[in-house]
Amino acid sequence: LFAGQTEFLKGVVAMSGLPDPDRPEVCFAGRSNVGKSSLINALTGRKGLARASNTPGRTQEINYFELGQSHYLVDLPGYGFANAPVAVVEKWQRLLKQYLSGRQTLRRAFVLVDSRHGIKAVDEEIMTLLDKSAVTFQCVMTKTDKVKEKDRTKVLDQVRAKLSKHPAAYPELVLTSSEKGQGIDVLRSIIAAID
Ligand code: GTP
Ligand code: MG
């Protein structure tokens, strides 16, 4: 699946702009700066495909990528702190919530969690929304290259404990580093098995 073409399709700013729901899609959600766009680039092997940057609030639209002809990959704006005006942030946060609770062909939401920080209150809010919307979600730990083994274990325990309280959570975590390539193949196979 990932050997084929991945192309940017469009950036969406309102629910009416979503492409026809004609194929399965997976999305990447998470706090600003957690590494969503970088992960899409690592998965597709194309560095500049999704725009990544050190400025929280980089991704401000719902960005659709075509994975061959069979799936959509969806890069979402981050939640939590963003380096953008309040009114603008509120607009895209509203869109984000509408998307996460109302997209019929959304098969799985990957909720990205920084390996150094674990699950925060804003993550819980999104997870509760996904529970209510019956959207299966799976946590992807990001930036594992930035944390030492023993600190990582503590964070993973916290994440597992919190996930156990969310009925829509898929229990298995994926540990990734977009920088070093850890977990990228695993995540590719998970996505390829979704239809
Ligand atoms: P928003 O679009 O602002 O919500 O951010 P995002 O979640 O898309 O994050 P993005 O991919 O833009 O990455 C944010 C910063 O983290 C960038 O400076 C990346 O280079 C860095 N980063 C992302 N993934 C990794 C990783 O696996 N390891 C390390 N060391 N840095 C990473
Ligand atoms: Mg981004």
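How many of the nine residues of H1 are buried, and is this helix enclosed by the rest of the structure or left open? Nine of the nine are buried, so H1 is largely enclosed by the rest of the structure; here a residue counts as buried if 20 or more other C-beta atoms, placed from the backbone, lie within 10 Å of its own, as exposed if 12 or fewer do, and as partly exposed in between. The structure is a predicted model, in which local features need pLDDT of at least 70 and side-chain atom pairs count only at pLDDT 80 or more, whereas totals for chains, interfaces and linings use all residues. Residues are numbered from 1 along each chain as its sequence is written, and chains are lettered from A and ligands numbered from 1 in the order in which they are written.

The protein has five helices and seven strands, taken as DSSP runs (H or I of at least four residues for helices, E of at least two for strands) and numbered from the N terminus. Along the sequence these elements follow the pattern β-β-α-β-β-α-β-α-β-α-β-α. For 195 residues a compact globule would have a radius of gyration near 16 Å, and the value of 15 Å for the protein agrees with this; the radius is taken over C-alpha atoms, and the globule rule is 2.2 Å times the number of residues to the power 0.38. Of the 195 residues, 39% count as buried. Among contacts (C-beta atoms, placed from the backbone, within 7 Å) between residues at least 6 apart in sequence, 74% join residues at least 24 apart.

The buried residues of H1 include Lys36, Ser38, Leu39 and Asn41, and just after this helix glycine 45 takes a positive phi of about 70°. H1 also supplies three residues, the largest share, to the shell around ligand 1. That shell has 24 residues, the closest being Gly35, Ser38, Ala52, Thr59 and Gly78, where a residue is near the ligand if its C-beta atom, placed from the backbone, lies within 6 Å of it. By class, the shell comprises four nonpolar, 14 polar and six charged residues; Ala, Val, Leu, Ile, Met, Phe, Trp, Tyr, Cys and Pro count as nonpolar, Asp, Glu, Lys and Arg as charged, and the others, Gly among them, as polar.

Valine 111 touches, among others, Ala29, Ile126, Met127 and Phe137, not counting residues up to four places away in sequence.

Helices H2 and H3 pack at an angle of about 35° with their axes 8 Å apart, the axes being lines fitted to C-alpha atoms over the stretch in contact and the angles running from 0 to 180 degrees between N-to-C directions. In this contact Lys97, Leu100 and Ser101 of H2 meet Ile126, Leu129, Leu130 and Ser133 of H3, giving four nonpolar, two polar and one charged residues.

In helix H4 (residues 149-163), glutamate 149 counts as exposed because it has 7 C-beta neighbours inside 10 Å. Alanine 161, also found in H4, is likewise exposed, with 11 other C-beta atoms within 10 Å.

Technical notes: Contact = placed C-beta atoms within 7 Å.
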